[in-house]
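Subject: Handing over a structure, with notes

Dear colleague,

Please look through it before you read my notes, which follow it.

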Amino acid sequence: MELQLPQSPGQREKNKLEKLQRIREAARELFVQKGFDETTTREIAVRAGVGIGTVFTYAENKRDLLFLVANDDLEAVTQKCEAGVSEDVSCLENLLLIFRHHYRFFAKQPELSRLLLREMTFYDSGRQANRFQGTRERTIRLVGRVVKMAVDSRTIRIDDDPEFAGWVAFCVFQVELRRWLMNKDFNISSGMARLERAIRLCMAGWGAKPAALAKS
């Protein structure tokens, strides 16, 4: 019998990373080819060439695997947004920079993006899902920080919490992103043009008179 030498910590870590990458790619391929509902965790394990127990060391369930597919790339997008925000440009420019990076990310694989946005709405259990939601919260905080920067520089004036105003802008982005992903023409320029129109309306306000705000 051939004696197998124990692996070094570096080799073990390399093997773990390789398995993780195979699992991620297998899940991505099957979710796009068959759809989320029709894909099984066992199929993902077989395609990745690992045992099903190994799959569950990285993700707690099939939905968690969906988030695993996107997490690294989405975190990189968020870091790029954080690095790109600047006090030297307008609030609108900063907001559009953040949202444009996300449009580009979600445009790469629209089928997968639709699944991610569908599943993130009501489900947040699982290690990878929590990580996905955490990245989303980072983006929301960043949008709030952009609004606060504009308030502090007195380029905008709002009577509410800047972080809440940022949340409203993020909600507009989320709705517009979903509407855009429903189309078959994933033209980022046209999608961003409509989003900019909506953000400008938010920033300008509705000029509501007391009669428009009255409640019976």
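Predicted model: local features only at pLDDT ≥ 70, side-chain atom pairs only at ≥ 80, totals over all residues.

A residue is called buried when its relative accessible area is under 20%, exposed when it is over 50%, and partly exposed in between, with a 1.4 Å probe and the protein chains only. Helices are DSSP runs of H or I with at least four residues, numbered from the N terminus. Residues are numbered from 1 along each chain as its sequence is written, and side-chain values use heavy atoms, with hydrogens and water left out.

Eight of its 11 residues are buried, so α6 is largely enclosed by the rest of the structure. The buried residues are P110, L112, S113, L115, L116, L117, E119 and M120. One of these, L112, is touched by R28, a residue of helix α1 (residues 9–34). R28 counts as buried because its relative accessibility is 16%, and it also touches V69, D73 and Q109, where residues up to four places away in sequence are not counted and contact means heavy atoms within 4.5 Å.

Helix α6 (110–120) also gives at least two residues to the lining of the largest cavity, as do α4 (62–84), α5 (91–107), α7 (127–152) and α8 (162–182). A cavity is a set of points, on a 1 Å grid over the protein atoms alone, where a 1.4 Å probe fits but cannot get out; a pocket is an open set with protein on both sides within 12 Å along at least five of seven lines; and lining residues have an atom within 4 Å of a point. The structure holds one cavity of 30 Å³ or more, and about 110 Å³ of space lies in the largest cavity. Its lining has 14 residues, of which L74, H102, F106, R136 and Q174 lie nearest the centre, and it divides into eight nonpolar, five polar and one charged.

The largest pocket has a volume of about 700 Å³. It is lined by 20 residues, with I158, A165, C202, M203 and G205 nearest its centre, and two or more of the lining residues come from each of α5, α8 and α9. By class, this lining has 16 nonpolar, one polar and three charged residues.

Helices α5 and α9 (residues 188–204) also pack against each other: their axes come within 10 Å and cross at roughly 145°, where axes are lines fitted to C-alpha atoms over the stretch in contact and angles run from 0 to 180 degrees between N-to-C directions. Among the residues that make the contact are L95, F99 and Y103 of α5 and G191, L195 and M203 of α9. The residues of this contact divide into 12 nonpolar, one polar and four charged.

G191 is 12 residues from R179 in sequence, and their C-alpha atoms are 9.0 Å apart in space. R179 lies in helix α8 and counts as partly exposed because its relative accessibility is 28%.

Lastly, R154 is found in the loop between α7 and α8. Its phi is near 65°, a positive value in a residue other than glycine, and R154 counts as exposed because its relative accessibility is 77%. For context, most residues other than glycine have a negative phi.

With best wishes

Notes: Points joined across faces, edges and corners; volume = space filled by probe spheres on them. Nonpolar A, V, L, I, M, F, W, Y, C, P; charged D, E, K, R; others polar.
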